[in-house]
Amino acid sequence: MPIPVILMQPRVNTANLIRSQLWKQWAIAATIVVLIYAVTIPFAPYLHPDELLTLDMGRTILNPHKSWSIGWLLDQGQPVLLFTYVGPVLQEFSYWVMGQFGPRISALSGAILAATVMMAWLKNKRIPDNAALLLSLAFLLDPLFVQAYTIGRVDGWAMACSLSACLIISNATNQPAKCAFAKYKLLFAGALTCLSVFVWASAAFLIPLVILELVSFIRSYSKCAEQNNRGKSVLFFVAGGCLMLALLLAPILGWLTREFTDVLSSIVINLKSGQDANKPSFASKTLTSLARLFGILKFTPVIVMAALAGIVYRKSIGLIISMAFAVFLMIETFVYIQRVQYLLPYLIACTALLYQEDESRRSIAPGSKFKSASLIIILIWCTGLSVAARTVLAFNGSETRNRHIISLAAQTFLNRGNYRVFAPYEFYYTGTSLRWRMYSPYIPINDTFTTGILQKLMPHVDYIIVKSETELPDEYLQVLHNNNVYLESTFNPYVVPDAKFDGKTTNITRLRNLYSLFRQPYGPYRFYKRKELSSK
């Protein structure tokens, strides 16, 4: 049976586009995705540290006088402070409104918005309707993106802002006859670019993509009767960013001025890995980072290969340079999956080059069957992993990820009260509902929880809950005993323990790790108590 060819469709204006069949199809597809993921929100994935840390940052911003945090800066003796507060505050607000599931619903909404803007942007880039729809759906269902928004991260909202800036600039580029309105569009685009970084700092990796659109606008502006003013129009982009910057800094200017040094400390922690303590050489760090990058991209190989084909086909030097700069920024900081996902808009844009219409023609170029097959394979890969496999794994052993387990463990150890507690991140919702003051150190990614860190934490806590099947190592016990803290009780929610890791990593294990669908993620727990409680 021959592979169907995706036919090129004539361009339509924005008003007609909104009412077109394309958007109806997208609404149906997005609704199905929402329903599939909404069903598993209560138990899949497990309560992830990223969700809870982001939420706690929002609480700290809105309640700066609170004296506890699960993102505690040990040397400074205060909660972590980040200027990128919009995303955390959004998650905290969603928690207030919708309860424990609010942050994940918010994250899913941001992802839907990002994918919707992606489709509008692709249409502005002269991508046929069918290709734009399927590529946007592939973006929404890409494993790297799915693993992020299903654990309650705000990357979708950040990407939505950046992609909206790209959409607005490309819209101005496509309408050279409306030069008088271009400067206002650039003003809005600059504001959205700035906002994206305040939603989540990793949106900085998408700034090169926005700049690429800006360069494209400058080139096309030469067709405009006001070409002598094109430099002034670009200044509107910068002005929009500066205005948004002033607006966003105004509410936090007071504590930002007072705590500027601590804010810098928080940024430094986010920019490095605990593995950087050995100070590897530039060459060694680069090779290690590239190996880690390719190891992460293995979860989306079809899109990577299609993107390479698009670059070769269209020879888009601008996209190559912008994506290379984003990769360079990652290598210079730290490469891990939550940052690598920001390469997806670049990869989708590169893939879209295969389907982009030339202004001089309305028929598809040679190789149509290959391009149609590529779209089908991309969609099969994304839906196969992120819909079929993920859903099966989510329901498999879902009872072991029941949040009630955490509530039962917490109430077994302590009642409601103003207790100072160090506990795993998953106790955050239950602990805050019981009015605990919870502490956890804010340390670099992959850093080791050493006895030195434990010692610095001890003055802040009277109760300690750790996840461990056996007694802690002697050196950690010594720190606890020196502070008059001893084992009080244990809690194991699982009657039959999960099978021990046999050293073989299967594809199922890789998918469970990718989507955070671990079996038996809660416990066993050991509860330690200070014999002479602090009066603090």
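Author: Aromatic pairs come first. The count comes to 20. The rule takes rings of Phe, Tyr and Trp (its six-membered ring) with centres within 6.5 Å; planes under 30 degrees apart are stacked, over 60 edge-to-face, and the rest tilted. The model is predicted: local features need pLDDT of at least 70, side-chain atom pairs need pLDDT 80 or more, and totals for chains, interfaces and linings use all residues. Residues are numbered from 1 along each chain as its sequence is written, and side-chain values use heavy atoms, without hydrogens and water.

Take Y46 and F518. Their ring centres lie 5.3 Å apart, with 70 degrees between the planes. That makes the pair edge-to-face. It links distant parts of the chain, 472 residues apart. Y46 sits in the loop between α2 (21–40) and α3 (49–62). F518 sits in the loop between α24 (507–515) and β7 (525–530). Helices (H or I, at least four residues) and strands (E, at least two) are DSSP runs, numbered from the N terminus. Y46 is buried, at 13% relative accessible area. F518 is partly exposed, at 26%. The cut-offs, with a 1.4 Å probe and protein chains only, are under 20% for buried, over 50% for exposed, and in between for partly exposed.

F427 and Y525 form another pair. The centres are 5.0 Å apart and the planes stand at 75 degrees, so this pair is edge-to-face. It also links distant parts of the chain, 98 residues apart. F427 is in the loop between β3 (420–422) and α21 (428–433), while Y525 is in strand β7. F427 has a relative accessible area of 0%, so it counts as buried. Y525 is buried as well, at 0%.

Ring pairs also build a cluster. Its members are F413, Y419, Y463, F491 and F527.

One ring meets a charge. R59 lies over the face of W68, 3.7 Å from the ring centre. The test asks for NZ of Lys or CZ of Arg within 6 Å of the ring centre and within 35 degrees of the ring normal.

Now D155. This residue is found in helix α8 (residues 155–173). At 1% relative accessibility, D155 is buried. Its side chain has a polar contact of 3.0 Å with the side chain of Q341. Such a contact is a pair of N or O atoms within 3.5 Å; within protein, one must be able to donate a hydrogen and the other to accept it, and residues adjacent in sequence count only if both atoms are side-chain atoms. Beyond its neighbours within four places in sequence, D155 is in contact (heavy atoms within 4.5 Å) with A148, W200, Q338, Q341 and Y342.

R126 is in the loop between α5 (102–124) and α6 (129–141). R126 is buried, at 18%. R126 and A352 are 226 residues apart in sequence, yet 9.3 Å apart in space, C-alpha to C-alpha.

Last, the cysteines. The whole structure holds zero disulfides, taking a disulfide as two cysteine sulfur atoms within 2.5 Å. C242 is in none; the nearest cysteine sulfur, that of C194, is 8.0 Å away. C242 is partly exposed, at 47% relative accessibility. C161 is buried, at 13%.
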